[in-house]
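Hello, and thanks for passing this one along. Here are my notes, point by point, to read beside the model.

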Amino acid sequence: MNSAPPVIALSAWREACLGALDRGGRFCGAYASGTGAARRWNALFADGAETLVLSADAGAADPPTIVDLIPAADWDEREAHDLRDLRFEGRESQRPLATHAPETASWTVPVEGRGTHQVVVGPTHAGVIESGHFRFHVVGERILQLDTRLFYKHRGLERAAEGRSPAAGLAFAARACGAGSVTNSVAYAQACEAALGLVPSRELRRGRTVLLELERLYNHLNDVAAICAGVGFAPGNMAFATLKERALRLNCELAGHRFLFGTVAVGGSVLDLDAAAAGRARGELGELRADAEAAWRELAFAASFQARLGGVGVLSTEDASELGAVGPAARASGLHIDTRGTSPGLWYGSAFAPARPPAASGDVAARLEMRAAELPVTFELLDDLLSEPVRPGDAAAGGSTGPIGVARVEGPRGETVCAVELEGEHLGRLHLRTASYANWPALVHAAAGNLLPDFPLINKSFELCYACVDR
Amino acid sequence: MTALAAAIQVLGGLALAPLLPGLVQSMKARLQGRRGPSPLQPYRELRRLWGKSLADPQPTTVVYRLAPCLVAAATVLALLLVPIAGRAPDWSLGNDALVLVGLLALARFALAASSWDTGSGFALMGSGRDLTFAVFAEPLLVLALLLAALPAASTDLVAMAAAAAGSGPWTEPVHWCGALAFALVILVETGRQPIDNPDTHLELTMVHEGPLLEYAGRDLALLEWSAAARHWIVLVLGAELFLPHGGGFWAQLGWLAAGVAALCAGLALTETAQAKMRILRAPGLLAGGCLLALAGLASFLIGGL
């Protein structure tokens, strides 16, 4: 993978993508790179621990669309059109995604019929959340179609990182999202290390895995609390919000930052826990685990809470697969995707088995239970990792170098894909595709057919990030 | 004594009403492990809103402008119908329970009309849900009041309160059915879980809060006060008609205070223990209350044979 991928002619592009799928690859992003005659349109396919990079020459002509073959590529193509001025041959409609056209009709799906009307929410919301505009087409209380408009605060982080050194570029990936900072940083660092031919040491792999699992822990606790808040169930919300706060304080004690910022470096790690600190952390995590299990039992017996979850916001296995859903949301729909099982750069080991949902029904209940099922796995992993001191690690030269480095890392909401293209000593292109980016279309799809007042609950069961889109 | 009852009815209804939602919020916060606002918070809100200027969305008509006054006026009239501790001053309005139902419906209609006038999506959505619930909630209110009226053989609230006094009614199934049905009425009229969530910021889930979103300043103060006064009306009625009371005026006043406090605590407990129910199931709950009330009616008729 580390040698530059062969450039595929545009006429063979669709066949090459289909071939990657046929060989068992899973589409995990596409991005444009280069300018002028050197412009490329690249598609990424996950295959076990490897990531296949297909690269088409888009310098002279428009590449053909693959959205009919791979619906998951819809956002990638629309974003490339809006931000990189790339056009796609054969796309019937090119609705704006990142740019905001004033005419509503230009970016919404037309819905007609007796009694249909639109309900508009955002981009300014009553709660303390990011900016996003939701346009619901409804009949009565029933959602027929949801159109989202995000990208309100797009920061241009990917472009801003261009021309910087790999070490300086880390800040751009790290700040893309607060709740996924470690995941994105590790993905970036691994992508750079792949391009620079650096091989992480045992200590580096262990340190990063500890950070990733700490991040997963507080996010999962937060997501359970959010689902409780979505139906106005205050006792559950307060219980899990308290647990999340304890997890954040543990983060602060271990890494000096509640959201673990500044803990990842390219080719190294700064996390340093001696035996005493690791032992204290194990003790606190043990208590947290017992309290989380008790709080979860309370939820299981809250009938009015449980009555809200079943059959709401269903994402079928086929739809999850077609739309490229990842993370707990995909696993709750019956897709067995967990990048942790195929991460040689981390410390999950060959025995790692992702949690299976009690029922892969793809509804809010399944997504909630999926997170609850993953919590014990995370507690076990952390307990095991912290049984010995965690020392700063490094990465040694030894691998093959190349102009492109790609890494995939499983975060709390799913897989972050980071692609780095080096031009000499500097970044030529940084591409960051987080789990939230991958899952937004799945959320939109899952909302259709449900009751309008259930949407906040469905939304919270995915708990997607706006900043990940506004990167 | 009647003069004191009149004073409590008017001054209490006007001035003490905001204390009730304040009390519920405060108790709820304690139950949920939060410190929460003081019970006096609604007064601070009202003072803040009263000092603010009005803002009319464009285009709106006189319907939008008049709605808060109409809602407040209907609510004040309804307050004057509710007897305090079994006494009611003569305001030449009578104390008919059905008039009370009509006044509450008028307030609901005025607010729904204002939502339609603004054309705001959230306001219309909230009003639409409120009216849908009202289809079930108003018969439930009428039936619950009817069950209290049957033993008194009158729809006069003073007579109904007198007939429900003492321990006698508690041996009658009709009283229990009426009390349970009225408990649901309290949940709907005060806009609380599992029917509605007064604390939510999620516009898509709002019922009673939706139509208020377009209002500001004094308009909003009037509407917020009316919502608090609705607490007063249904909680005082609930205590007077369905909770234990009896004895002289002072004893009845004590029962009333204890009853209203107990109902506030009940609301706080319900809101803490119950999540909000799926919106289309709420009418089913209310229809179940109607069935219960009908069963009470049947038991009364059979008992009377």
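1. Helix H2 of chain B (residues 19-31) has 13 residues that should span 18 Å at 1.5 Å a residue, and its end C-alpha atoms are 18 Å apart, which agrees. The expected span is 1.5 Å times one less than the number of residues. Helices (H or I, at least four residues) and strands (E, at least two) are DSSP runs numbered from the N terminus.

2. This is a predicted model: local features need pLDDT of at least 70, side-chain atom pairs count only at pLDDT 80 or more, and totals for chains, interfaces and linings use all residues. Residues are numbered from 1 along each chain as its sequence is written, while chains are lettered from A and ligands numbered from 1 in the order in which they are written.

3. Ten of the 13 residues of H2(B) are buried, so the helix is largely enclosed by the rest of the structure. Buried means 20 or more other C-beta atoms within 10 Å of a residue's own, with C-beta atoms placed from the backbone. Among the buried residues are B:Leu19, B:Pro21 and B:Lys28. Just after H2(B), B:Gly33 takes a positive phi of about 80°.

4. In chain A, seven of the eight residues of strand E3 (residues 40-47) are buried. E3(A) pairs in the antiparallel sense with strand E4 (residues 50-57) over eight bridges; pairing requires at least two DSSP bridges between the strands. Two residues separate E3(A) and E4(A) in their hairpin, and A:Gly48 in the turn has a positive phi of about 60°.

Technical notes
A residue is buried if 20 or more other C-beta atoms lie within 10 Å of its own, exposed if 12 or fewer, and partly exposed in between; C-beta atoms are placed from the backbone.
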